[in-house]
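Open the model in your viewer and keep the selection tool at hand. Each stop below says what to select and what is found there.

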Amino acid sequence: FTVQSLVTTAWVFATSGISESRLFEAIARASEQRIGDFKPQDLSNTAWAFAKLGLPAPQLFEAIARESTQRVGDFEAQGLANTAWAFAKLGAPAPQLFEAIARESAQRVGDFNAQGLANTAWAF
């Protein structure tokens, strides 16, 4: 599967509210192996999809946190908000990621819409 296929599949199922645990376990494993190929939006959309369905995936979230922390400056404001929301929703510990998101969000606060600001504030 391509990265785009993994991300789109997770997003479509989450948007539809369909939680297929075996599918999401397979998406998590495949995503962990290819996390370095994910674009910032892929990282945030994947985290969002798992959180939307309430599906914890600790190893995947560790990989997303590590990769997102390194590339936080490449995220759009919505991606920052969605990533923070997803980690907070699942209670996934990622203190370095949250520090990076806080710094980046403070520098780009004008780029956030009202919902993005609210989601980011809620996550903290």
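Select Phe 50 and show its neighbours. Leaving out residues up to four places away in sequence, Phe 50 touches Phe 24, Ile 27, Ala 28, Leu 55, Ala 57, Leu 60, Phe 61 and Leu 90, where contact means heavy atoms within 4.5 Å. This is a predicted model, in which local features need pLDDT of at least 70 and side-chain atom pairs count only at pLDDT 80 or more, while totals for chains, interfaces and linings use all residues. Residues are numbered from 1 along each chain as its sequence is written, and side-chain values use heavy atoms, with hydrogens and water left out.

**The core**

Next, colour the nonpolar core. Such a core is a set of buried Ala, Val, Leu, Ile, Met, Phe, Trp, Tyr and Cys residues joined through side-chain atoms within 4.5 Å. Buried means under 20% relative accessible area, exposed means over 50%, and partly exposed lies in between, using a 1.4 Å probe and protein chains only. The largest core has 41 residues, and those that touch the most other members are Ile 35, Phe 50, Leu 60, Phe 61, Ile 64 and Phe 87. At least two residues of this core come from each of helix 1 (3-16), helix 2 (21-34), helix 3 (40-52), helix 4 (58-70), helix 5 (77-90) and helix 6 (95-107). Helix 5 supplies the largest share, seven residues. Helices (H or I, at least four residues) and strands (E, at least two) are DSSP runs, numbered from the N terminus.

Axes here are lines fitted to C-alpha atoms, for helices over the stretch in contact, and angles run from 0 to 180 degrees between N-to-C directions. Angles under 35 degrees count as roughly parallel, over 145 as roughly antiparallel, 65 to 115 as roughly perpendicular and the rest as oblique.

To see the contact, select Leu 43, Thr 46, Ala 47 and Phe 50 in helix 3, which meet Leu 60, Phe 61, Ile 64, Glu 67 and Ser 68 in helix 4.

Is Glu 67 buried or exposed? Glu 67 counts as buried because its relative accessible area is 13%. Leaving out residues up to four places away in sequence, Glu 67 touches Ile 35, Gly 36 and Leu 43.

A salt bridge is a side-chain nitrogen of Lys or Arg within 4 Å of a carboxyl oxygen of Asp or Glu. Side chains of opposite charge can pair when their charged atoms come close. Both Arg 71 and Glu 67 are buried.

How many salt bridges does the structure hold? There are four. One of them joins the side chains of Arg 108 and Glu 104 (3.0 Å, N to O), and both of these residues are buried.

Then go to Arg 34 and Asp 37, whose side chains meet in a salt bridge (3.4 Å, N to O). Arg 34 has 29% relative accessibility, so it counts as partly exposed.

**Helix 6 and its neighbours**

Show helix 5 with helix 6. The two pack at an angle of about 150°, with their axes 11 Å apart. That makes helix 5 roughly antiparallel to helix 6, and their crossing is left-handed. Leu 80, Thr 83, Ala 84, Phe 87 and Ala 88 in helix 5 meet Leu 97, Phe 98, Ile 101, Glu 104 and Ser 105 in helix 6.

**Last stop**

Finish at Ala 118 in helix 7 (residues 114-123). With a relative accessible area of 41%, Ala 118 is partly exposed.

Technical notes: Left-handed = near helix turned anticlockwise from the far one by under 90°.
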